[in-house]
Amino acid sequence: MGVEAKLGDLGLVTLTLEKAVNWSRTRAMWPMLFGLACCAIEMMSAQASHYDLSRFGMELMRASPRQSDLMIVAGRVTRKMAPVLRRLYDQMPDPKWVIAMGDCASCGGIFNNYAIVQGVDEVVPVDVYVAGCPPRPEALIHGIITLHHKVEKEKLAAHA
Amino acid sequence: MSGLDEALNVLRTALGEGVRTVTDFRGETTVEVDPARIVAACRAVRDAPTLKFTRLAGQTAVDYWPDEPRFAVIYQLHSLEKGLRLRLLLRLQGDAPSVASVVQVFPSANWHEREIFDMFGIRFTGHPDLRRLLMPADWQGHPLRKDYPLGYEEVQFTFNFDEIDRKKPYAKE
């Protein structure tokens, strides 16, 4: 028994296909189970019961890139890890989005040296940058909501 | 420190003039040896029944650039049986530094020497598998050398933001 039984006949709702598709994409955006450094701890915390990412239809961290829509790059990316990261990104089915979580993933953070990629946007296209070292779970959730707003404005033709 | 006196006796007997200097600092003994004799030195202190330095606790290198001899390779030895610790040290010239591998004496030196080769470019002759350990296989240069550049991207401030942004290699879709 759902809301329609309580309220009676609600009639029709008209909206564009684009809106319906984008709405459904934001309500079940599965992130990839992929933590690189200390930011991953905050990502796990955001996922756990206290902050509860499942409120946004994200209760499943997919262990396979082939089942994920969202890559949260949580932590510093070494130059040795960069090809692996790019390969995982390439294995994700379209449409796909990337959040650079934390200063290291966004711009290299405090690690301006030979080993660390200076911003993961050198390897994969990033949609949302979340600042912080590490960002609190609220900040990550804000980043995800920001991404949702971005997805809701997307044109279907852009992914064709 | 009778145990370490014994170690010096063993080293002097085995190497003769190969023992260059002996330094004591806060109870830690460092013996500088001739680079050509390092395998003999390790074997001597490992096999002497009064010492039994059977464990290579660590092996590392230091770059003293621009001094010459430029590199030092350091062997931290530990005798589990006698409770002794001894540091062996050798110095190498900066051009094409190379020294004999001690993998035959201490098998645990295998990855230590690979890491030293990776980070400092010191070649260990006789090593069974001298490949890079930490950096990607196609990496150019040896990052822990003093003349290696510190970072590869200039720090972005307000005044040079656009200039550095233009040079940044952004990923394509």
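**Entry 1: a helix in chain A**

What covers the buried residues of H6(A)? I found that the cover includes helix H3 (39-47), strand E2 (97-101) and strand E3 (128-130) of chain A. I am working with a predicted model, where local features need pLDDT of at least 70, side-chain atom pairs count only at pLDDT 80 or more, and totals for chains, interfaces and linings use all residues. Residues are numbered from 1 along each chain as its sequence is written, and chains are lettered from A in the order in which they are written.

Helices (H or I, at least four residues) and strands (E, at least two) are DSSP runs, numbered from the N terminus.

I listed the buried residues of H6(A): A:Pro137, A:Leu140, A:Gly143, A:Ile144 and A:Leu147. They sit on the same side of H6(A) because they cover an arc of only 115° around the axis. That arc is taken from the directions from the helix axis to the C-beta atoms. Buried means 20 or more other C-beta atoms within 10 Å of a residue's own, exposed means 12 or fewer, and C-beta atoms are placed from the backbone. On the face turned away from the buried side I noted the exposed A:Glu138 and A:His149.

**Entry 2: the sheet in chain B**

Next I traced an open sheet of five strands in chain B, with the order E1-E2-E5-E4-E3 and mixed pairing. Its edge strands are E1 (19-25) and E3 (55-63), each pairing on one side only. Two strands pair if DSSP finds at least two bridges between them. Strands E4 (residues 71-79) and E5 (residues 84-92) of chain B run antiparallel, joined by nine bridges. I found B:Val73 opposite B:Leu90 in E5(B).

Key. Two residues are in contact if their C-beta atoms, placed from the backbone, lie within 7 Å.
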